[in-house]
Structure formats: C-alpha cells, structure tokens
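Reader: I would like a close look at one part of this chain, the nonpolar core and the helix packed against it. Please take me through the residues involved and what surrounds them.

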Amino acid sequence: MSKVIKWQYPDFFEPRREKLVNLLFSEIIFLKSHMKKLTLNENTGGIETALDKLDYLLNTLKNNDTELSDKDFDKVVLIIYQIFKEIVNKLEC
C-alpha cells in the first residue's frame, strides 16, 4: 500500500530541499525563456536581478546537503515569494 501511495503522491514524499530546488529550476527556466521574448524597449533589468537572486538561492540549496527544517523551508519559500513579488511589481510599472 505504501508503494502505491508513494507512486500516486511523489511530491508529498520528496524532501523539502529537493522540492525547492525543482521549483527554482522550473521558475528560472520559465523566466529565462520569457526574457528572450521581451523587446529591447522593455525594462528587463528587474527580471535579470530577480534571476540572479533565484540563481544564487538555487546554488545555495544545491550545495547544502542537509535537510531543511520546517522553519528554514518556510523562510526559503517566503524569500522566493518576495522575489516573485518584486518581478510582478517591476512588470506592472
């Protein structure tokens, strides 16, 4: 039964650090692919800065082999949220 549950809900059993790394990979790829679509007239400086922050956070998580506690996991998720909030604010202006 546990094998069936693991197969159905692999994200639930995935370690926190791996969840964040996978999230950051997908978001960085998404942002980089959409940056190429922006015209030169649009302001891409804010997105580039946010990409640098996400990349730094990704490298920090990849280089850290220890599992994240609930408190650390929540902090990293809030940091990611703040970075995306900055992106949205820059795009709205």
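**The core and helix H3**

Author: In the largest nonpolar core, which has 18 residues, Leu24 and Leu61 touch the most other members. Three helices, H3, H4 and H5, each give this core at least two residues. H4 supplies the largest share, with seven residues. The model is a predicted one. As a general background, nonpolar side chains in soluble globular proteins tend to be buried together.

Leaving aside residues up to four places away in sequence, Leu61 touches Arg17, Leu20, Val21, Leu24, Leu68 and Val76. Several of these names return in the list of buried residues in H3, which consists of Arg17, Leu20, Val21, Leu24, Ile28, Leu31 and Met35. Seen down the axis of H3, the buried residues fall within an arc of 105°, so they line one face of the helix. The cover over these buried residues includes H4 and H5.

Helix H3 covers residues 16-35, and its 20 residues should span 28 Å at 1.5 Å a residue; the C-alpha atoms at its ends are 28 Å apart, so the two values agree.

Glu86 belongs to helix H5 (residues 70-92) and Lys53 to helix H4 (residues 45-63), so the pair, 33 residues apart, links distant parts of the chain. Buried would require under 20% relative accessible area and exposed over 50%. Glu86 has 33% relative accessibility and therefore counts as partly exposed. Lys53 is likewise partly exposed, because its relative accessible area is 33%. The salt bridge count for the model is one.

The rest of the chain gives the setting. Its secondary structure consists of five helices and zero strands, and the pattern along the sequence reads α-α-α-α-α. Of the 93 residues in the chain, 24% are buried. Taking contacts between residues at least 6 apart in sequence, 69% join residues at least 24 apart. The chain exposes about 7200 Å², of which carbon and sulfur atoms supply 58%.

Note on methods. Residues are numbered from 1 along each chain as its sequence is written. This is a predicted model: local features need pLDDT of at least 70, side-chain atom pairs count only at pLDDT 80 or more; totals for chains, interfaces and linings use all residues. Side-chain values use heavy atoms; hydrogens and water are left out. A salt bridge is a side-chain nitrogen of Lys or Arg within 4 Å of a carboxyl oxygen of Asp or Glu. Helices (H or I, at least four residues) and strands (E, at least two) are DSSP runs, numbered from the N terminus. Buried means under 20% relative accessible area, exposed over 50%, partly exposed in between (1.4 Å probe, protein chains only). Contact means heavy atoms within 4.5 Å. Accessible areas come from the Shrake-Rupley method with a 1.4 Å probe; for residues, only the protein chains shown count as cover. The expected span of a helix is 1.5 Å times one less than its number of residues. The arc is that of the directions from the helix axis to the C-beta atoms. A nonpolar core is a set of buried Ala, Val, Leu, Ile, Met, Phe, Trp, Tyr and Cys residues joined through side-chain atoms within 4.5 Å.
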